[in-house]
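Me: Hi! I am new to reading protein structures, and I would like to learn how to look at one feature by feature. Could you walk me through this one?

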Amino acid sequence: MSDSRHEQRIKKRLAVKFGHDKLEYLGYLVDVSSQGFFLESRIVYKPGVVLNFELTTRDGAIILIEGRVQWSKKGALRLNHIMKSGMGVFILKFLQDEDLYRVLHNV
């Protein structure tokens, strides 16, 4: 099966808070592209759900994003070392610091 992504994803690992109205869950950004990212988390939403995300860079800067879940997979806890749980997120709009996100992708 061929990869349908048209652009390269850059490997990163940043802490991410996410949720609907409240940023109540924690996950980790694993890879990033200009249009979205993969969020590794035990909490996953169904495709189509719009969420808010707060990415914290290594120097403590905050990037706020509104994004839509494109796909998700929930792995069994006992198999977490083999199959990661998480969501592919498509960025709908930046609420704060788009420039910092673009730097993440280009580095």
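Reply: Gladly! Keep in mind that this is a predicted model. Let's begin with the aromatic rings: a search of the whole structure turns up seven aromatic pairs.

Me: How are the rings of F18 and F53 arranged?

Reply: Two values settle that: the distance between ring centres and the angle between ring planes. For F18 and F53 the centres are 6.2 Å apart and the planes meet at 25 degrees, so this pair is stacked. The two residues come from distant parts of the chain, with F18 in strand 1 (residues 10–19) and F53 in strand 4 (residues 50–56), 35 residues apart.

Me: Are F18 and F53 buried or exposed?

Reply: Both F18 and F53 are buried. Now try a second pair, F38 and W71: their ring centres are 5.4 Å apart and their planes are at 10 degrees, so this pair is stacked too. Here again distant parts of the chain are linked, since F38 lies in strand 3 (residues 36–40) and W71 in strand 5 (residues 62–73), 33 residues apart.

Me: How do I decide whether F38 and W71 are buried or partly exposed?

Reply: Look at the relative accessible area: under 20% is buried, over 50% is exposed, and partly exposed is in between. F38 has 10%, so F38 is buried. W71 has 40%, so W71 counts as partly exposed.

Me: Which residues do ring pairs link into a cluster?

Reply: The cluster is made of F18, Y25, F37, Y45 and F53.

Me: Let's move on to the strands. How do strands of a sheet pair?

Reply: They pair through backbone hydrogen bonds, and the pairing is either parallel or antiparallel. In this model, strand 1 and strand 2 (residues 25–32) pair in the antiparallel sense over seven bridges. These two strands form a hairpin with five residues between them, and V16 stands opposite G27 in strand 2.

Me: How many bridges join strand 1 and strand 4?

Reply: Five, and the sense is antiparallel. You already know one facing couple there: F18 stands opposite F53. Elsewhere, strand 5 and strand 6 (residues 86–96) pair in the antiparallel sense over nine bridges, and V69 has V89 in strand 6 as its bridge partner.

Me: What do the six strands form?

Reply: They make a closed barrel in the order 1-2-3-6-5-4, with antiparallel pairing. From one strand to the next, the twist averages 45 degrees.

Me: Where do nonpolar side chains tend to be in soluble globular proteins?

Reply: They tend to be buried together. Here the largest nonpolar core has 21 residues, and F37, F53, L55, I65, M87 and Y101 touch the most other members. Strands 1, 2, 3, 4, 5 and 6 and helix 1 (98–106) each give two or more residues to this core. For a close look, take M87: leaving aside residues up to four places away in sequence, its contacts include F18, F37, V69 and W71.

Me: Which residue has a positive phi although it is not a glycine?

Reply: First, the general idea: most residues other than glycine have a negative phi. In this model, D97 has a positive phi of about 60 degrees. D97 is found in the loop between strand 6 and helix 1. With a relative accessible area of 35%, D97 is partly exposed.

Definitions and conventions:
Residues are numbered from 1 along each chain as its sequence is written. This is a predicted model: local features need pLDDT of at least 70, side-chain atom pairs count only at pLDDT 80 or more; totals for chains, interfaces and linings use all residues. Side-chain values use heavy atoms; hydrogens and water are left out. Rings of Phe, Tyr and Trp (its six-membered ring) pair if their centres lie within 6.5 Å; planes under 30 degrees apart count as stacked, over 60 as edge-to-face and the rest as tilted. Helices (H or I, at least four residues) and strands (E, at least two) are DSSP runs, numbered from the N terminus. Buried means under 20% relative accessible area, exposed over 50%, partly exposed in between (1.4 Å probe, protein chains only). Two strands pair if DSSP finds at least two bridges between them. Axes are lines fitted to C-alpha atoms, for helices over the stretch in contact, and angles run from 0 to 180 degrees between N-to-C directions. A nonpolar core is a set of buried Ala, Val, Leu, Ile, Met, Phe, Trp, Tyr and Cys residues joined through side-chain atoms within 4.5 Å. Contact means heavy atoms within 4.5 Å.
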